[in-house]
Amino acid sequence: MRVFPSMIALLIALVSGSAAGSDQVSIIARLKSATIASDRQPAFCLSFKNLTKDYLNLYNVGAYWKWKIEFVRVMGRSALRQAWQLQFDVAGAYVPIKHEQMAAGSQYVLDVDLNDPSYTFVYAPSLDVKKRVRHLDPGKYLMKVTVSLEPPFADPHEWTGPLETELVKLVVVPAKVETPSKAILAKWNATLDKVLKDKLDPHGLWENGMFAKIELPSTATSDDVISAAVNRNILGSKAYSVNLVRELKDEQRKTAVLMRVGKTEYVLIDYYIANIGWWSRFYEVKIDQ
């Protein structure tokens with residue numbers, strides 16, 4: 001029987017978790033769920049094991065946004081075609097350093113939930129450098145993570161890597177699409193109308209004060225501006241969903257966005273300022289039930 005590389009990859013991917021090892025550390029990667037909807041993000045855990053007879057330090061082991069995290073699309077017999085690599089927009093609030101020390105033979109488990117990430121991110125493909133997506137399309141994928149740590153000092157007890165996990169299978173299924181009713185749309189529009197009336201006075205005083213500047217070009221998409229605004233404001237979460245986007249027909253060409261960040265509803269107002277970037281501000285709201 002002739003064995004093709006694609007068959008080997010698929011056989012490896014049939015396990016729910018997979019291990020990679022070195023002389024000092026082994027890492028087992030496991031997905032929290034092997035199947036997710038296309039409007040959700042993967043969640044996984046990495047189990048580190050100290051293989052030495054002495055302690056090892058994992059400096060800033062929680063900084064997964066510095067690692068190489070890939071989801072390789074599986075396409076029938078041709079198998080591996082395109083890898084989607086996570087690219088994080090590392091900006092905004094400081095994330096505390098997570099430092100762990102492992103005794104000889106001990107384990108440490110790190111949980112990573114991309115549904116509530118430390119920073120917003122996109123998936124960047126290997127074959128089309130211009131394309132970016134916020135969620136994986138429905139299909140079969142193989143996840144692999146390359147872990148590398150960056151301790152600020154040289155010490156034999158500081159483990160650095162890099163170490164690549166073996167492949168883990170992920171299936172993405174189409175998400176259920178729910179179209180908002182006319183009644184819900186009316187409430188969303190009423191919420192936007194109230195904020196625009198109450199906050200945006202005609203004399204421009206609402207622009208006073210500090211704002212989180214977004215250094216994107218004037219041609220940036222609304223999706224990119226929204227993501228960058230969430231990332232650069234302290235809102236308690238980087239997980240967000242958009243309900244309604246309204247482009248205002250005024251001189252500044254402002255955009256009003258009704259959205260949820262974490263468990264809180266907001267209206268985001270943004271517009272572009274030449275030679276500065278994008279002005280943005282969030283207003284907390286309550287949608288009438």
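Predicted model: local features only at pLDDT ≥ 70, side-chain atom pairs only at ≥ 80, totals over all residues.
How many bridges join strand β14 to β15, and do the two run parallel or antiparallel? I started there: seven bridges join β14 (residues 240-247) to β15, and the strands run antiparallel.

Residues are numbered from 1 along each chain as its sequence is written, and side-chain values use heavy atoms, with hydrogens and water left out.

**The sheet.** I traced an open sheet of four strands in the order β14-β15-β16-β17, with antiparallel pairing. β14 and β17 (277-284) stand at the edges with a single partner strand each, so one side of each has no neighbour in the sheet. On average, neighbouring strands are turned by 25 degrees against each other, direction ignored. For the terms, strands (E, at least two residues) and helices (H or I, at least four) are DSSP runs numbered from the N terminus; two strands pair if DSSP finds at least two bridges between them.

**Around β15.** I looked up bridge partners in β15: Tyr240 has Val261, and Glu247 has Thr255. On to β16 (residues 264-273), which pairs with β15 in the antiparallel sense over seven bridges. Val261 has Thr264 as its bridge partner there. I checked the hairpin of β15 and β16 too: two residues lie between the strands, and Gly262 takes a positive phi near 65 degrees. Six of the seven residues of β15 (residues 255-261) are buried (under 20% relative accessible area; exposed is over 50%, partly exposed in between; 1.4 Å probe, protein chains only). So β15 is largely enclosed by the rest of the structure.

Helix α3 (residues 222-232) lies across β14, β15, β16 and β17, at about 125 degrees to β14. Axes are lines fitted to C-alpha atoms, for helices over the stretch in contact, and angles run from 0 to 180 degrees between N-to-C directions.

Key
Contact = heavy atoms within 4.5 Å.
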